[in-house]
Amino acid sequence: MGRVCVGISGWHYAGWRGDFYPASLAQREELSYAAERLGSIESNGTFYRLQKPDSWSASLRANEERLDGFLDMLPKDFTAAAELAREHDHRVPEPVMDFDANRRVRHALDIRHPSWFTPEVVRIARRHGVALVVSSAAEWEYTDELTAGFVYLRMHGSEETYTSRHSDRELNRLAERIRAWVEGGEPEDAARITDLTPPRRKSRDVYVYFDNDRKVHAPRDALRLQERLVSSWPDHLTVADGSELNSGMTDKRR
């Protein structure tokens, strides 16, 4: 059956010290501390350091031909990713990648500009097996259209982006939606872009990352959702959980 990985988007935030992180905790131990409590952590630093902000601002409108070509170039497994990484310049030390077995690589596309919410973008994403990120935020358009064999969610705060707490009602609803995805279906009230039948799956892995990092809501919300899933999930499903509350049925993916 599918797995559910609940975590946070990034882990190094000064405002979390003395709250989520004990004040006495060494900064170098923050990642380990968070990883022991959550099932997954999104390392998102490269989103913001490889390009200048003006090169990827929200004014980037959809270009289906460019999107199709870009997704076609993405590596499908570790071996292909390593080959691509070897094209680096002198600033990156060797070895670029070190792995003991070849594994597939999954890709997710986080669309923001309204021009991307079109049937053609959905068809392109499906053709390449790339998930459209379910991005829940106060300011952005929302869709949970299924385009891949897994679901990738980023929770930014429903009332104020990056800032507001997700309510108990919202987390309860999210837990039910996760159940539908894991069991191979979709929520009855799915926010669809198309009327296409979702890709058929017996089950799906679901990744959930909280990015409402201001006021320390992200780790708290992640733990609250994780607790809901662990306490109510059927025994035959796996919930990735850093604290191993589900009797050892864990899968710590990072």
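The model is a predicted one. In this model Tyr162 sits in the loop between β6 and α6, and its phi is positive, about 70°, although the residue is not a glycine.

- Val216 belongs to the loop between β7 and α7.
- Phi of Val216 is near 60°, a positive value in a residue other than glycine.
- Is Val216 buried or exposed? With a relative accessibility of 5%, Val216 counts as buried, since the limit for that class is under 20%.

**The protein as a whole**
- The protein contains seven helices and eight strands.
- Its chain has 254 residues, of which 44% count as buried.
- Taking contacts between residues at least 6 apart in sequence, 64% join residues at least 24 apart.

**Nonpolar cores**
- The largest nonpolar core is made up of 35 residues.
- Within this core, the residues with the most contacts are Leu153, Ile178, Val208, Phe210, Leu225 and Leu229.
- Two or more residues of the core come from each of β1 (3-9), α1, β6 (150-157), α6, β7 (205-210) and α7.
- Which element gives the most to this core? That element is α6, with six residues.
- Another core, of 13 residues, lies apart from the largest one, and its members include Leu71, Ile111, Phe117 and Val130.

- Leaving aside residues up to four places away in sequence, Phe210 touches Val6, Gly7, Ile8 and Ser9, among others.
- The residues touched by Phe210 also include Met155, His166, Leu171 and Leu174.
- Further along the chain, Phe210 touches Ala218, Asp221, Ala222 and Leu225.

**How α6 meets α7**
- Helix α6 covers residues 168-182 and helix α7 covers residues 217-232; their axes come within 10 Å and cross at roughly 50°.
- The crossing of the two helices, α6 and α7, is right-handed.
- On the α6 side, the contact is made by Asp168, Leu171, Asn172, Leu174, Ala175, Ile178 and Arg179.
- On the α7 side, the contact is made by Asp221, Arg224, Leu225, Arg228, Leu229 and Ser232.
- By type, the residues of this contact divide into six nonpolar, two polar and five charged.

**Ala34 in α1**
- Ala34 is part of helix α1, which spans residues 30-35.
- The relative accessibility of Ala34 is 0%, so Ala34 counts as buried.
- Not counting residues up to four places away in sequence, Ala34 touches Ile8, Phe20, Tyr21 and Ile41.
- Ala34 and Pro219 are 185 residues apart along the chain, and their C-alpha atoms are separated by 8.4 Å.

**Ala240 in β8**
- Strand β8, residues 238-240, includes Ala240.
- Ala240 has a relative accessible area of 0% and is therefore buried.
- The C-alpha atom of Ala240 is separated by 9.0 Å from that of Val230, ten residues away along the chain.

Methods
Residues numbered from 1 in each chain as written. Predicted model: local features only at pLDDT ≥ 70, side-chain atom pairs only at ≥ 80, totals over all residues. Heavy atoms only, no water. Axes fitted to C-alpha atoms, helices over the stretch in contact; angles between N-to-C directions. Helix = DSSP H or I, 4+ residues; strand = E, 2+ residues; numbered from the N terminus. Left-handed = near helix turned anticlockwise from the far one by under 90°. Contact = heavy atoms within 4.5 Å. Nonpolar A, V, L, I, M, F, W, Y, C, P; charged D, E, K, R; others polar. Buried < 20%, exposed > 50% of the residue type's maximum accessible area, 1.4 Å probe, protein only. Core = buried A, V, L, I, M, F, W, Y, C linked by side-chain atoms within 4.5 Å.
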